[in-house]
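Please keep the sequence and the model at hand while reading.

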Amino acid sequence: MEDIRTGCLKHVYLLYGEEAYLVRQYKNKLKDLLSAGEDTMNTSFFEGKDADPKKLIDLAETMPFFAEHRSIFIDGSGFFKKSPEELAAYMEGIPETTYFVFTETEVDRRSKLYKQVKKHGHAAEFKQQKDSVLTQWILGRLNSENKRVTRPVMELFLTKTGSDMETIDRELEKLLCYTMDRDVITEQDVEAICTDSLSGRIFEMVDAIAGKQQRRALELYNDLLALKEPPMRILFLITRQFQTLMHLKELAGQGYDYKFMASKAGVPEFAVRKYIGQARKFSSQELHRAVRDGVQAEEDVKTGQMNDRLAVEMFLLTYSSDDVQR
């Protein structure tokens, strides 16, 4: 932000991390500075396998055409997992007229290219934001639109969206359009317009399991399949939900406060009360057994002993049955 604010840019940037929204935002800020007036003659974009190290170097060595500099944007190249030696070495002497901006989801900090970017430019990691930061960001957006919201409604909104800023941005736009003629956003507005995130659907599925609502659990499962969610990802998320509940139940039994439990279990602080409420619907033994059986079901699929869709169905049927031992 300091480089962008002052306009004193380094000649190579790496923007990476799990929060794709922030990566894109800062990439666009750099693009606006480096490509004034949409200078297509001196701005180049490469993605994935199209990013050939030799081609990038040749382009970087080419003088800009009637401009002060040339900018090269490279997205998802994979160079920061297996560094091309020639490109890593080239970072030592980037011409004054050339700027590189790399964007990646994952990087290996031990790679030579990462170390070179760190040494000669700037590597910025964008992690998932804490719920307190997300809340302030959302409130800022709402205030700019003269909208007001209560804490319970804010928590309901974040429960629906999860912590992914891309999803929050999309659902917030829908909510603002839906409440265009009103100053206050209500719980009914959020319920009416906001789509449940994947984590929200998994939470609802586990709630159906706890309530022994087999049909509802299977309906939610089939909805996720219709949305092209892989059965093994669904199984992983269900198992992880049970693991989170098991962890929180143990921490609650030891008398820890919500803030401590949130940090230890890796869930938003505002959601701890809701998770604890769900955890109380299961015995400790059942939670441990569900985690164990979820891991075993995954192993059965990987070793070819069971079909992936059937494995998830069997898990749901078993734990939503009235006959399951607690």
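Over the ring of which residue does the charged end of Lys274 sit? In this predicted model, the charged end of Lys274 sits over the ring of Phe203, at 4.4 Å from the ring centre. A pair of aromatic rings, in turn, is described by the distance of the centres and the angle of the planes. With centres within 6.5 Å as the criterion for a pair, the count comes to 14 aromatic pairs.

**Tyr26 and its partners**

- The rings of Tyr26 and Phe126 are stacked, because their planes stand at 25°, under the limit of 30 degrees, with the centres 5.2 Å apart.
- Tyr26 belongs to helix α2 (residues 20-34), whereas Phe126 lies in the loop between β5 (122-125) and α6 (131-144), so the pair ties together parts that are 100 residues apart in sequence.
- Phe126 is buried, its relative accessible area being 12%.
- The ring of Tyr26 also has the charged end of Lys29 over it, at 5.9 Å from the ring centre.

**Phe242 and Phe315**

- Phe242 and Phe315 form an edge-to-face aromatic pair, with 6.0 Å from centre to centre and 65° between the planes.
- Because Phe242 lies in helix α12 (residues 231-253) and Phe315 in helix α16 (residues 308-319), this pair ties together parts that are 73 residues apart in sequence.
- Phe242 and Phe315 are both buried.

**A cluster of rings**

- Phe80, Tyr90, Phe100 and Phe102 are linked into a cluster by ring pairs.

Technical notes:
Residues numbered from 1 in each chain as written. Predicted model: local features only at pLDDT ≥ 70, side-chain atom pairs only at ≥ 80, totals over all residues. Heavy atoms only, no water. Phe/Tyr/Trp six-rings, centres within 6.5 Å; stacked < 30°, edge-to-face > 60°. Helix = DSSP H or I, 4+ residues; strand = E, 2+ residues; numbered from the N terminus. Buried < 20%, exposed > 50% of the residue type's maximum accessible area, 1.4 Å probe, protein only. Lys NZ or Arg CZ within 6 Å of the ring centre and 35° of its normal.
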